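Work through the exercises below with the sequence and the coordinates open. Each task is followed by a solution in steps.

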Amino acid sequence: AYPHNSTRQKRRQAIAQALATEITVVPPSRLTSLLGQALKWQQSQGLLPPDAAAFDLFRGVARVAKVEDDAPPTTMYQSIKVLRGKGTWV
């Protein structure tokens with residue numbers, strides 16, 4: 001399976017050395033900055049809404065604000081006892 005006088009480990013080392021010259025390392029923040037630049041360009045071209053903060057990058061659509069009604073509670077979940085004054089519980 002391997003060329004004359006070669007082992008699996010030697011073959012892997014040879015491949016790793018060949019690839020090492022082809023691969024470059026970039027800082028981890030590079031992807032984030034490229035995504036930010038892409039969003040700015042798309043916004044300047046009119047492909048995104050003016051408020052880019054409302055754009056969901058992973059879904060590819062603008063976020064929709066959910067409207068929730070702030071109703072008062074109707075049922076009691078649990079009661080809390082509070083220590084008042086000179087050690088009496090309420």
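The expected span of a helix is 1.5 Å times one less than its number of residues. Helices (H or I, at least four residues) and strands (E, at least two) are DSSP runs, numbered from the N terminus. This is a predicted model, in which local features need pLDDT of at least 70 and side-chain atom pairs count only at pLDDT 80 or more, while totals for chains, interfaces and linings use all residues. Residues are numbered from 1 along each chain as its sequence is written, and side-chain values use heavy atoms, with hydrogens and water left out.

**Exercise 1.** Compare the span of helix α2 with the expected one.

Solution. Helix α2 covers residues 29-44, which is 16 residues. The expected span is 22 Å, and the distance from the first C-alpha to the last is 23 Å, close to that value. After α2 comes G46, with a positive phi near 80°.

**Exercise 2.** Classify K40 and L57 as buried, partly exposed or exposed.

Solution. Take the cut-offs first: buried is under 20% relative accessible area, exposed is over 50%, and partly exposed is in between (1.4 Å probe, protein chains only). K40 sits in helix α2; its relative accessible area is 63%, so K40 is exposed. L57 belongs to the loop between β1 (55-56) and β2 (61-62); its value is 36%, so L57 is partly exposed. For the chain of 90 residues, 3% count as buried.

**Exercise 3.** Find what share of the contacts in the chain between residues at least 6 apart in sequence joins residues at least 24 apart.

Solution. A contact means heavy atoms within 4.5 Å. The share is 0%. For a pair ten residues apart, take K40 and P50: their C-alpha atoms are separated by 9.9 Å.

**Exercise 4.** State which elements have the lowest and the highest mean pLDDT.

Solution. pLDDT is the predictor's confidence in each residue, from 0 to 100. The chain has two helices and four strands, in the order α-α-β-β-β-β. The chain average is 80.
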